Amino acid sequence: MRVCVIVPTTDGPAPILRLTRLAQAPRSVMRTQDDYRPLPPSGRYHAFVQMGGALADRIGYGAGQFELRLGSVVETGRSWELPVAIAHWLQAQGHELGADAPDLLVWATGALDNDLRLLPQDYHLARKLDQSAACLKEALNHGARVVLVVPEAIALPPDLKCPGPEIQVVADLDGAVKLFEDRRHMQDLRAASQAGLSDRKPGWDRGVGLRVAVASVLIGLIVFFLFVVGVRGVDPREATTLRVAEAGSSDIDIADAEVAADTSITSVPEAGSEAAGQGGDVSAGGQPQDIEGLPRLVVEYAPDGSNCQAVLFGSLAPERRDLVFRAGTYPDFGLTGLCSIGFSLPDVASTGVELALPHDLLDLVLPSDRRASLWLVPGDTQMLRLRATLPELLDTRIGLNSGGEEAGALSLTAVR
Amino acid sequence: MINEELHFEAFAALQTLRSSGDTADSQSPGLFASQIVAYARRGDAIVDLKIERVLRSSAGARDLYSAALGRVVRASSMSVAAAADRVTERQIGRWHLEIVEEADGLPWLVIRGPEAGDTISMMEIRRPDGTGRRLHLGTPIDKVFQVPLDPGFAEMAGLIEWLRDPSTEIHLI
């Protein structure tokens, strides 16, 4: 997993860009990308990470020194110790540290004692958070999971609240490490869940009550979505057949829109709307609406003048677009320069969903990312890296399952 | 710098230049000997290209510069006799200079100092032709200066070759 660890300062965030093992140089050193000279805390950093110290014993990275490269200057203080210790631990677990397009962003602050417990002091959390707000917001907007690891509770600024970062109050390094051990455990569980869903037998069993409840919630969500789209051009009192996607047996038919008539949402059919007075087939011409609760299609392109190789190897950040499911389908998108395709489930979704991926899509995915289904929990994004050669046209449907039940299909179309 | 000292250095330098039949301003009109002295004794690593040109073109100016530099350096290593074409270690006064190379190919300059006493903050390197450069060493880490000789920094371009060349003079300031 690619992780960005931020050392917050009162002047702004200092991301850890690189952590390199030094076998010959006698000292561990902390510096920025822009200056060859060591930062003032380097002496303390050398003592902090050296062999025989508490951190070396806890993580067990063995003998040797380190070069820690930061994105900006850390002048004074010791609150860099917790994020730096987390970065060492994450790297020792095989995660890749870097500031570009992280899957996880860790924002942590705190000085540690010899037992790696956080020292009580004024860490100027509010000011540091204020200075880092833009950076955190950008990471959230790019789909990264953001975790604030702090020694005491902190109030989030209003513009960070939705979708917001997780706040985790810890007392020591072990507490912080446990968060990410648990997170890894959760990912393992999720992977196991995906495997279980894709391999399940017809008689695969679950509690019937739970299945009914989850299916009901999802159907309720879809009814709401269809209504919101449909009411723009449909008389809600008409008996209507609404369609998520024309997917044969997986279509969802809703044959009575009286429920819609009882809601307080008002609609005025717009002139020129294809759906106006046509019986209300949503896919035929509903006006664009943001539909919460359904998976969004995420596509990542190579920036202009570059290629997907540069993106996949991490030297360039992709251009990312989120496409919202509306009017029975995702908006068409281009295949030229397309590097990855994926899905994200908004935080507002009430339950996780499983997406069954069709063969024509899987054929375009790199073998290492190929899997029959994706299991998404609210707030989750999963991406699939694509082969270099893509066809002229991709026109397919993604199966949507919830609670072990087929709940519809999401159609998508891409052209060169 | 004390003005009287500067004046003395400049006067001595002028005497030296006159006896050698060379003048500091022969290549660069308007350049005073006192400017060369002040340049040698400056407390930063800023380069004055005008003076550097003179140092490359005038042996007398180089002598003047070396004399003035000798007043401020903590230790110097003139060209060293080396069994090989390249050196990776030098003892410069009480300091030990070493170039180590990491697995990623990046060389580091490591300067270990005495346990107590003199401190340094800069290093000046001079080639036999008068070409030179001064480098800030930054803050020592537990009494050791450790600088990446990363060619990505303008200050480091070509420095590794100079440091490895036995004919290079190294002054610690």
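Modeller: Welcome! A helix here is a DSSP run of H or I with at least four residues, and helices are numbered from the N terminus. Please keep in mind that this is a predicted model.

Biologist: Thanks! Which residue takes a positive phi just after α3(A), and of about what value?
Modeller: Let us look at α3 of chain A, which covers residues 81-92. Just past that helix sits A:Gly94, with a positive phi of about 95°.

Biologist: Does the span of α3(A) agree or disagree with its number of residues, and how far apart are its end C-alpha atoms?
Modeller: The expected span is 1.5 Å times one less than the number of residues. For the twelve residues of α3(A) that gives 16 Å, so the helix agrees with the expectation, as its end C-alpha atoms are apart by 16 Å.

Biologist: How many residues of α3(A) are buried?
Modeller: A residue counts as buried when 20 or more other C-beta atoms lie within 10 Å of its own. Among those that pass in α3(A) are A:Glu81, A:Pro83, A:His88 and A:Trp89. The helix is mostly covered, and of its twelve residues the buried number is eleven.

Biologist: What covers the buried residues of α1(A)?
Modeller: Six of the eight residues in α1(A), residues 42-49, are buried, so this helix is largely enclosed by the rest of the structure. Those six are A:Ser42, A:Gly43, A:Tyr45, A:His46, A:Phe48 and A:Val49. Their cover, all from chain A, includes β3 (29-32), α2 (54-59), β4 (65-70) and α3 (81-92).

Biologist: Where in chain A is A:Ala101?
Modeller: Most residues other than glycine have a negative phi. A:Ala101 is not a glycine, yet its phi is positive, about 45°. This alanine has 18 other C-beta atoms within 10 Å, so A:Ala101 is partly exposed. Its place is in the loop between β5 (96-97) and β6 (104-108) of chain A.

Biologist: And where is A:His124?
Modeller: A:His124 also has a positive phi without being glycine, near 50°. With 16 C-beta neighbours inside 10 Å, this histidine counts as partly exposed. Its place is in the loop between β6 and α4 (125-141) of chain A.

Biologist: On to chain B: what pattern does it follow along the sequence?
Modeller: Chain B has five helices and eight strands. Of its 173 residues, 28% are buried. Read along the sequence, the pattern is α-α-α-α-β-β-β-β-β-β-β-α-β.

Biologist: Which residues of α4(B) does α2(B) meet?
Modeller: The crossing of these two helices is right-handed. By class, their contact has nine nonpolar residues, with no polar and no charged ones. From α2(B), B:Ala33, B:Ile36, B:Val37 and B:Ala40 meet, in α4(B), B:Ala61, B:Leu64, B:Tyr65, B:Ala68 and B:Leu69.

Biologist: Lastly, which element gives the largest share of the side of chain B that touches chain A?
Modeller: In this interface, 20 residues of chain B are in contact with 15 residues of chain A. Two or more residues on the chain B side come from each of β3 (95-101), β4 (107-112) and β7 (144-148) of chain B. That side divides into ten nonpolar, four polar and six charged residues. The largest share, four residues, comes from β7(B).

Conventions. Residues are numbered from 1 along each chain as its sequence is written. Chains are lettered from A and ligands numbered from 1 in the order in which they are written. This is a predicted model: local features need pLDDT of at least 70, side-chain atom pairs count only at pLDDT 80 or more; totals for chains, interfaces and linings use all residues. A crossing is left-handed if the near helix is turned anticlockwise from the far one by less than a right angle, and right-handed if clockwise. Two residues are in contact if their C-beta atoms, placed from the backbone, lie within 7 Å. Ala, Val, Leu, Ile, Met, Phe, Trp, Tyr, Cys and Pro count as nonpolar, Asp, Glu, Lys and Arg as charged, and the others, Gly among them, as polar.
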